[in-house]
Amino acid sequence: MQRIGVFICHCGTNIAATVDVKAVAEALSHEPGVVFSTDYQYMCSESGQTLMREAIREHKLTGVVVCSCSPRMHEATFRKAAEKEGLNPYMVEIANIREQVSWIHKDMKEATEKAVILGRAAIAKVHLNKPLKAGESPVTKRALVIGGGIAGIQTALDIAEAGFEVDIVEKEPTIGGKMAQIDKTFPTLDCAAYILTPKMVDVAQNEKIKIFSYSEVEAVKGFVGNFKVSIRKKARYVIEDKCTGCGLCTEKCPQKKVPNPFNMNLDTRRAIYIPFAQAVPKVAAIDADYCTMLKTGKCGVCSKICAAGAIDYQQKDEIVEREYGAIVAATGFNPLKPDKYNEYGYSTCPDVVTSLELERLMNAAGPTAGTLLRPSDKTHPHTLVFVQCVGSRCDAENEKGKPYCSKICCMYTAKHAMLIREKYPDTEVYVFYIDVRTPGKNFDEFYRRAVEQYGVHYIKGQVGKVVEENGKLKVQASDLLSGEQLHIDADMVVLATAVEPDKSARGIATMLTASMDTNDFFTEAHAKLRPVESPTAGIFLSGVCQGPKDIPETVSQASAAAAKVIGLLAKDKLTCNPCVANSDEMLCNGCSSCEKVCPYGAITYSDKEFRGPNRTTLIRRVASVNEAVCQGCGACTVACPSGAMDLKGFSNRQIMAEVDAICKM
Amino acid sequence: MKFSYYPGCTLKTKGKDLDTYARASAEALGVELAELPEWQCCGAVYPMAKDEIATKLSAVRALANARDLDTELVTLCSACHNVIKQVNNDMKTDADIVLRVNNYLKLDTPYNGETNVLHFLEVLRDRVGFDELKKKVVNPLTGRKIAAYYGCLLLRPSKVMAMDDPENPTILEDFIRAIGAEPVIYAMRNECCGGYVTIENPGEAKRRSNAVLDNAASKGADTVVTACPLCLYNLKKNGGHDDLPVVYFTELLAEALGVK
Amino acid sequence: MQDVKEFRPKIVAFCCNWCSYAGADLAGSARLSYPADVKIIRVPCSCRVNPMFILRAFQRGADGVIMAGCHPGDCHYTSGNYFARRRMTLLFSMLDYLGIERERTRVEWISAAEGAKFSKTMNEFVDTITALGENKRLEDLRCKK
Amino acid sequence: MSHNKNAAKVEQILRSYGVDVRKCMRCGKCTATCPAFDAMEYHPHQFIYMVERGEVDKLAASPSIWHCLSCFACMERCPRQVEPAKLIEAVRVAVVREKGQNHLKPEDVPALLDEDLPQQAITSAFRKYSK
């Protein structure tokens, strides 16, 4: 039998004004097992805690019930106090008689009765409490960042700055991501390359950072502090250590007709290529789909001219196994391909482009060397129409688009419009918008500048149809403020397409057991209070993989994720939550029901020997719970048909005891 | 290959060409189009109200007949196709309409959307196959530049019609390639010709059909094909392009197969 | 003296720690009252609620049982509330089969920000149960002393 | 909703056509895409808003409802699945269902015919405009 002490808190008058605390203390003192019962003005105060500790010592208490505020407030406080007195902290239970009683009831008799019942339920539970010990697990002091865009770069640099090792896994041959393709950045109009490439160089030069470029995460095992990750280094047919990045091969390769994704396929590159001049690592790669040597065995030009002897046509994919304490997802985004929006003519008219294609058409390193020319006939466009929200803000039942606002389009469109008007004053620029959304520092000022200073025509309405006829794009649109249908003869139409998470993110989330929303954005542990952590311990989120963001926001979140990683890696040991599931092997029938419902993969099955009747041994397949991975939700406990699985701290018997106490009245 | 065939009112009168050439071509392709024994006019407009039952019954009768004959149901006129496919969709998905229609019709076996409805173009694409069709062409229309006019009813609403991409369709273009001609792709091919207001508001119908043909002509088309008698009538009468003949796609098919 | 007691139902509310229990706390700090007949049991997640607990409550004389968890898609443990929803659907169909009034059991999704919803839901539930009256069919009279 | 002056009628129309006007985000794409724009007094996005505000009678009295080409372009291109074409038909049907409101009378037909006009045109006109 437990020796239980009961402490009723007045919380000043918060509780005592509505609950007769003395009567509660008196009533609960008669409960079985209760050897001490008292009330006090502020249990959470230093003297309140001392009172509790003295009582534990004097009355040799084995369990404590505090009737006070919500356990979400002070459970930790009282447990710590008990622990100082040598009592296992999990022998303390709270009855919430403030939020659930005094604050919502007025009638003192009624409130006092309810407080007594809640106290009885807590006492009934404590009778069944067992001392729990939180386990510990070691921490591998290295982080993995999946994705080498600006988000991954910033996270990796910050973690490395704190002295920890970081690996970046990037599926493309270079880091840099989408930001490397962008021309200028809003709202300052500085060049993306000028601010990004120094960071890329920092990554390359940082001894703590290792880049796995042209690589993908293949498998993830383990749990917080102890992840084991297989990384597939895809064959690039160039030996990384030997290639000097001179680029001679990329000029001499006879296969010239390869679409160039870095320039949004608006021009071509060779079969052996370095994505762009500032690539990190600056190492060539061969596109196996186009290389004549790899396809037919004839050619070998690159190998012959490579002075470093870096070409290796026999190269194979390689699997590297690495261990990490924390993993950051920074998988980024892609603009939606508007091929479901052919009322705008994207698939049939070359002069209808997406905003990212326009970035390349305006970039000095792009296919037109920075001169804005129509893709169809390479002439200078005079009239440009921008269409906002292509594929964003659609109804959930709309299969073509996304239900969310992509957040960055209003601003980059203002940027494009402004840059075009500045560079080419002979142009007319129209922007069709539903709403102009500019919440950000200096953002609305920027948009107003586009209108007031640069004379961009902002029209509230949408484009309904684009018809190409005699070299013009006839744009049919609505102007909702004037109530007219407009017909504009344009030279180019630019579609602000929705942002969508990279296609690889879904598979990575599954490997990480990190949850995703219906749009394939990673879910954060708490929308407001834990925005850079996944609900899965040890997994952190950086950049657009969590939701649409511009560059400043991405960088902030990337640094925030790094701070969380650093906080984790700085620990030598991790304390686990002791309220985890555990399986009674004697009852387990090996059915795997629990394994199937576990969202964390914390349950494994193994064959174990048991002693059978007549000195025989039986081998049975039984479940065991990895306590470092289990988060204690209890899904398995209900799925278990044999009653073998139970949850420490919230056991079947404990909860039923509470039910009984409440119903007894 | 045997199908039940629903010609519809216009194909028996003013739109005979659409029908006769289709039958001749089908025969040449080894496709049997067995006309439903007792078909009734579909009404030409799909009634979108959930509480409209009577106007959906003739389509359901045709669908149930085809079901009883254990065949897929082939249509040719864009309007019939639109009505019958949409009604069939109601009979698959809207329990209330199913109940009320069946209560009214008292069929031996209640109808629940079992029949698969195909446009003749879908038969050519998905059952015969355009590659197979190409092999049977004796009289390829080499050098002809043909603009396909889809209009509105063939593709929309795309969720129900489920025939092709409603904004960038390819079925007629692929058909044109199969008969040896060159398809002309132009943006107005899926915009309305204004056929419905040709009685009410001829000026409007003129403006719309003119815009369609202007766009097709600007892309160098020498012929326009359609699957809809009303579009054909309207484009010819109101399109303002005497230089640009508008014909049924089945006419060119028959020509290519040498059965015209 | 004659003791005419008005009927006060016994109601057990299972609340998940992350959303609904926090919602109850918010209802408390906003002083949004609901009847004292509701007694809350804290569980880590709605998926911890074994249908047995609900049957146990009825057996012991509860007049109504309500389970509240995070909104679908918002579960702290990713998918727990989906399991809970499925399990409760099964339990409810069994209770239907047994002829237990459908209104005596209820599932609600209440987030940590929905103090008002918590209070409103509990008020409604108590009204419903009060109107239904005592649970006579499932109570095990042997449990009464 | 005090914003809506004609709630019962609107409710009836919306229910029988399954249209949810609250989904509209006022982007105007329906009006941008409408081929009959020039012939209309009220335009598709206004239909939606007028029904939401309960101004059904005003809409029913407008010639605009007879100018819709039923081409479904607005339905196909609406990002919010609002389906303006259904709403226009709903108002039109509400008008023709009222006694004596036939927009097209059989005796008017012969004058409209020419020798090539397909049956489809007359059938559809009847179905659209008459009871």
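Chain A contains 18 helices and 34 strands; helices here are DSSP runs of H or I with at least four residues, strands are E runs of at least two, and both are numbered from the N terminus. The model is a predicted one, in which local features need pLDDT of at least 70, side-chain atom pairs count only at pLDDT 80 or more, and totals for chains, interfaces and linings use all residues. Residues are numbered from 1 along each chain as its sequence is written, while chains are lettered from A and ligands numbered from 1 in the order in which they are written.

The C-alpha trace of chain A spans about 95 × 70 × 45 Å along its principal axes. Of the 665 residues in chain A, 52% are buried, that is, have 20 or more other C-beta atoms within 10 Å of their own, with C-beta atoms placed from the backbone.

Let me turn to the contact of chain A with chain C. It takes 36 residues from chain A and 36 residues from chain C, two residues being in contact if their C-beta atoms, placed from the backbone, lie within 7 Å. On the chain A side, at least two residues each come from α4 (98-102), α5 (108-128), α17 (635-639) and α18 (652-664). The most, eight residues, are given by α18(A).

Finally, chains D and B. Here 31 residues of chain D are in contact with 36 residues of chain B. Elements of chain D that each supply at least two residues to this side include α1 (7-17) and α7 (84-97). The largest share, eight residues, comes from α9(D).

Methods. A residue is buried if 20 or more other C-beta atoms lie within 10 Å of its own, exposed if 12 or fewer, and partly exposed in between; C-beta atoms are placed from the backbone.
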